[in-house]
Amino acid sequence: QVHFVESGGGLVQPGGSLRLSCAASGSIFSIYAMGWYRQAPGKQRELVAGLTSGGNTNYADSVKGRFTISRDNAKNTVYLQMNSLKPEDTAVYYCNAVIRVRATTNPTNYWGQGTQVTVSS
């Protein structure tokens, strides 16, 4: 079993900042990519930012220059620093990780429970 603990969401005014964190625990042999997705009401879930075990990052065009993804491999934790937040950033943010739970198993996609981010004055 793999478990995630997400934190850092909340209500913030436009132009403000938030930092999301997601810690993975449980039966983990190795973690490949980790990232953040978001889903706004009535919209499909979309990739916000991703980070491979090799350090390669990719960002949605809408957040480039404002959001930064980082990772603490020793703690199996991924972070998302969100600056200059806009109302259109309002969504439920989900942590995602590709994890191999044993040396003999294939990497599998796992999801956190989600944390609400609301940007409003």
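Predicted model: local features only at pLDDT ≥ 70, side-chain atom pairs only at ≥ 80, totals over all residues.

User: How many disulfides does a search of the whole structure find?

Analyst: The search finds one, and it is formed by cysteine 22 and cysteine 95, with their sulfur atoms 2.1 Å apart. Cysteine 22 lies in strand β3 and cysteine 95 in strand β9, so the pair ties together parts that are 73 residues apart in sequence.

User: And which hand does the link of cysteine 22 and cysteine 95 have?

Analyst: That link is left-handed, with -80° about the S-S bond.

User: Is cysteine 22 buried or exposed?

Analyst: Cysteine 22 is buried, its relative accessible area being 0%, and cysteine 95 also counts as buried, at 0% relative accessibility.

User: Changing topic, what joins β1 to strand β3?

Analyst: Six bridges join them, and the two strands run antiparallel; within this pairing, valine 5 has alanine 23 of β3 as its bridge partner. On strand β1, which spans residues 2-7, Val2, Phe4 and Glu6 make up the covered face, whereas His3, Val5 and Ser7 make up the uncovered one.

User: What about asparagine 76, where does it lie?

Analyst: Asparagine 76 lies in the loop between β7 and β8, and it has a positive phi of about 50° although it is not a glycine. At 24% relative accessibility, asparagine 76 counts as partly exposed.

User: And serine 84, what is its phi?

Analyst: Serine 84 has a positive phi of about 50°, again without being a glycine, and it sits in the loop between β8 and β9. Its relative accessibility is 42%, so serine 84 counts as partly exposed.

How values were computed: Residues numbered from 1 in each chain as written. Heavy atoms only, no water. Buried < 20%, exposed > 50% of the residue type's maximum accessible area, 1.4 Å probe, protein only. Helix = DSSP H or I, 4+ residues; strand = E, 2+ residues; numbered from the N terminus. Pairing = 2+ DSSP bridges. Disulfide = S-S within 2.5 Å.
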